[in-house]
Amino acid sequence: MRACLSASLLLAFVIFPMSAASQEAEGFTWENTSELSFVATGGNASSSTLGLKSTLIGTGAPNAFKFEIGGIRAESEFTTRRAVGTVDDFLVTEAKNSEVTAESYFARGRYDHTFDGLFLFTGAGWDRNTFAGIQNRYALSVGFGRSWIESETSRFKTDIGGTYTIQKDVDPTPGQDEGFGGARITIDAMKQLSATTEFASVLIVDDNLEDTEDLRADWLNSLSVSISESLALKTSLQLLFDNQPSMIGVDLESPGGSSTGETVLIDGEELDTVFTVALVIKL
């Protein structure tokens, strides 16, 4: 989380222009939304999953700021038991070992300036997903878009922009270029289904213009049900697609099962899915 905090501070300086920092707070509205999800099991099998996400949005026409930070960590505890002695007289010993089975973090910010239904934007982001082979990935973006529908009950926005990405993998592919320019398309939609229920969908597609086969997509769909003015339950499904996933190092064993001390690189999975049920706190 220390790296996540460092990236957050860096983004704050990159995204927010000095002129905006000197703006008066009057006429500017700030809203914070935090999501918390936690699942734990115990007994013969123990595991825990913790998910945190916080979003800070500031609006004051014609400017808007958005800053997000979050992460997911899953850990399992394995118990190995041994019985020593005879069938009628034995001693059982236990050894417990904890292992992280999933872990990812992100931080990103964005500034929008609106005029006549159109908007210009600039943004920056950082993410880490070592289980997908990504140690650190930094991205800068700039572009323009349009708000086709914007009301209290509906939203439909699209934008297009240019990006520059620096990606450092856990197991780098020899000769791979860590920095590359790209193009990004975003579709942002929301619909109020009832007085207490809201559906939202955000699709982000990134393409590496230096290698167009390197296409990535992030599609997040969520359904929120309000409990009160400040509390809600939110169910979301996130699909993360990478047409050229990062390589993952695997220990090489001999046919007899002993370690050779060598590591080989294999392709990671193209699609990751993240399903969460979270308590949302609005301030």
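Predicted model: local features only at pLDDT ≥ 70, side-chain atom pairs only at ≥ 80, totals over all residues.
Trainee: What makes Glu35 and Lys234 a salt bridge?

Mentor: Their closest N and O atoms are 2.8 Å apart. The cut-off is a side-chain nitrogen of Lys or Arg within 4 Å of a carboxyl oxygen of Asp or Glu, so the pair qualifies. Glu35 sits in strand β1 and Lys234 in strand β11, 199 residues apart. Both Glu35 and Lys234 are buried. A search of the whole structure gives 13 salt bridges.

Trainee: Why is Asp188 called buried?

Mentor: Its relative accessibility is 16%. Buried means under 20%, so Asp188 falls in that class.

Trainee: Which residue does Asp188 pair with, and how is that partner classed?

Mentor: Asp188 meets Arg155 in a salt bridge, at 3.1 Å from N to O. The pair links strand β7, which holds Arg155, to strand β8, which holds Asp188, 33 residues apart. Arg155 has a relative accessible area of 23%.

Trainee: What parts does the salt bridge between Glu178 and Lys168 tie together?

Mentor: The closest N and O atoms of Glu178 and Lys168 are 2.8 Å apart. Glu178 is in the loop between β7 and β8 and Lys168 is in strand β7, so the pair joins parts 10 residues apart in sequence. Glu178, at 32% relative accessibility, counts as partly exposed, and Lys168, at 37%, is partly exposed as well.

Trainee: What makes Lys53, Glu68 and Arg108 one network?

Mentor: Salt bridges that share partners join these residues.

Trainee: How do the residues lining the second largest pocket divide into nonpolar, polar and charged?

Mentor: The lining has four nonpolar, seven polar and nine charged residues. The pocket has a volume of about 380 Å³. Of its 20 lining residues, the closest to the centre are Gln167, Asp169, Gln176, Asp177 and Asp214. Asp counts as charged, so Asp169, Asp177 and Asp214 belong to that class. The elements giving two or more lining residues are β7 and β8, with β7 giving the most, three.

Methods. Residues numbered from 1 in each chain as written. Heavy atoms only, no water. 1 Å grid on protein atoms, 1.4 Å probe; cavity = no way out; pocket = protein on both sides within 12 Å on 5 of 7 lines; lining within 4 Å. Points joined across faces, edges and corners; volume = space filled by probe spheres on them. Helix = DSSP H or I, 4+ residues; strand = E, 2+ residues; numbered from the N terminus. Buried < 20%, exposed > 50% of the residue type's maximum accessible area, 1.4 Å probe, protein only.
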